[in-house]
Amino acid sequence: MDLKGLAKSIEKKTGIPVFFVETKGAEDYPSGAEKAFLALAKTFLEPPRKKRKKALNILGAIHLDIGKDSHLKPLFEALQKVGWEIISCWGMEENLENIKKSTEASLNLVITASGIGIAEYMYENFGIPYIIGLPVGEKGEEDLLKVLEEISKEGKPFIESAEKKEKINKKGIIIGEPIISYGIKQFLKEEIGLKEVSIISVLPMENLFDKKGCVFSFVNKEEGDVYLTSEEKIADYLNNTEVDIIIADPL
């Protein structure tokens with residue numbers, strides 16, 4: 001099927017913008033979401049008429065990873081509490097006008113792997129830098145707000161070392177989307193005090209590191225974190241690992 005020609009034909013007859021997303025059916029789901037975001041961006045985004053200093057977009061808020069819209073309410077409240085304006089939330093945004101205004105942002109916040117591609121696109125085409133991470137817990141919120149404060153002052157972001165907490169001699173494993181998993185991992189280590197926490201990412205992780213437009217990332221490549229897509233291999237990994245706690249994406 002000539003999808004490009006079909007899209008042009010429908011657009012000509014209806015006067016409504018039409019685009020298509022070419023997926024292979026056997027890719028991981030963020031690849032399809034990323035392609036949809038990029039198609040949306042290439043169709044509607046234009047250079048901004050103005051820039052807003054403390055304004056950001058949230059990228060990658062797809063329901064497969066986040067669940068209900070209400071799950072992001074604490075993040076929205078934390079950002080707004082310190083004066084950050086949220087222009088759009090890609091993945092849960094219902095207002096196309098907000099998407100069109102995305103280029104007015106001074107920063108993007110990538111909260112899942114599906115937001116990486118559009119973050120890079122907006123950096124390359126509109127000069128908007130981005131940070132990667134979905135911090136979890138009170139310490140995570142504090143760290144995020146510190147980073148945002150430094151960025152708004154045009155300073156170099158930093159994270160002070162956490163207070164030494166008495167360690168619980170337990171090992172945890174988190175199975176799921178990598179950016180969210182890293183947020184949970186830091187929460188378990190820094191706030192709960194688990195001695196050892198590893199991640200089994202069900203999505204590729206290579207594209208999360210050493211990104212050109214990324215000014216700060218809460219995602220750190222650490223020994224023991226693995227990428228596995230086979231449920232059988234994950235079962236073998238768990239059976240051959242001394243683990244006390246497993247936290248897994250319900251899907």
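Modeller: Let's start with strand S5 and strand S9 (residues 245-248), which pair in the parallel sense over four bridges. This is a predicted model, so local features need pLDDT of at least 70 and side-chain atom pairs count only at pLDDT 80 or more, while totals for chains, interfaces and linings use all residues. Residues are numbered from 1 along each chain as its sequence is written, and side-chain values use heavy atoms, with hydrogens and water left out.

Biologist: What makes S5 and S9 a pair?

Modeller: Two strands pair if DSSP finds at least two bridges between them, and S5 and S9 have four. One place to look is Gly172, which stands opposite Ile245 in S9. The names come from DSSP runs, numbered from the N terminus: a helix is H or I with at least four residues, and a strand is E with at least two.

Biologist: How do you know that S5 is also joined to S6?

Modeller: By the bridges again: seven of them join S5 (residues 168-176) to S6 (residues 194-201), and these strands run parallel. Lys171 stands opposite Glu196 in S6, and Ile168 stands opposite Leu194.

Biologist: What makes S6 and S8 count as paired?

Modeller: They are joined by two bridges and run parallel, and the definition asks for at least two. Ser201 has Tyr227 in S8 as its bridge partner.

Biologist: Why is Ser181 called buried?

Modeller: Buried means under 20% relative accessible area, exposed over 50% and partly exposed in between, with a 1.4 Å probe and protein chains only. Ser181, in helix H8, has 3%, so it counts as buried. Leaving aside residues up to four places away in sequence, Ser181 touches Ile174, Ile175, Gly176 and Ile199.

Biologist: How does Asp210 compare with the cut-offs, buried or exposed?

Modeller: Asp210 has 79% relative accessibility, so it counts as exposed. Asp210 is found in the loop between S6 and strand S7 (214-217), and has a positive phi of about 55 degrees although it is not a glycine. Most residues other than glycine have a negative phi.

Biologist: What makes the contact between Ser114 and Thr112 polar?

Modeller: A polar contact is a pair of N or O atoms within 3.5 Å; within protein, one must be able to donate a hydrogen and the other to accept it, and residues adjacent in sequence count only if both atoms are side-chain atoms. The side chains of Ser114 and Thr112 are joined by such a contact of 2.9 Å. Ser114 is buried, at 0% relative accessibility, and Phe37 is among the residues it touches.

Biologist: Why is the pair of Phe37 and Trp90 called edge-to-face?

Modeller: Rings of Phe, Tyr and Trp (its six-membered ring) pair if their centres lie within 6.5 Å; planes under 30 degrees apart count as stacked, over 60 as edge-to-face and the rest as tilted. A search of the whole structure finds three aromatic pairs. The rings of Phe37 and Trp90 have centres 5.9 Å apart and planes at 75 degrees, so this pair is edge-to-face. Phe37 lies in helix H2 (residues 29-44) and Trp90 in strand S2 (residues 85-90), so the pair ties together parts that are 53 residues apart in sequence.

Biologist: And what makes Phe216 and Phe218 edge-to-face?

Modeller: Their ring centres are 5.0 Å apart and their planes at 70 degrees, so the label is edge-to-face again. Phe216 is buried at 17%, and Phe218 is buried at 16%.

How values were computed
Contact = heavy atoms within 4.5 Å.
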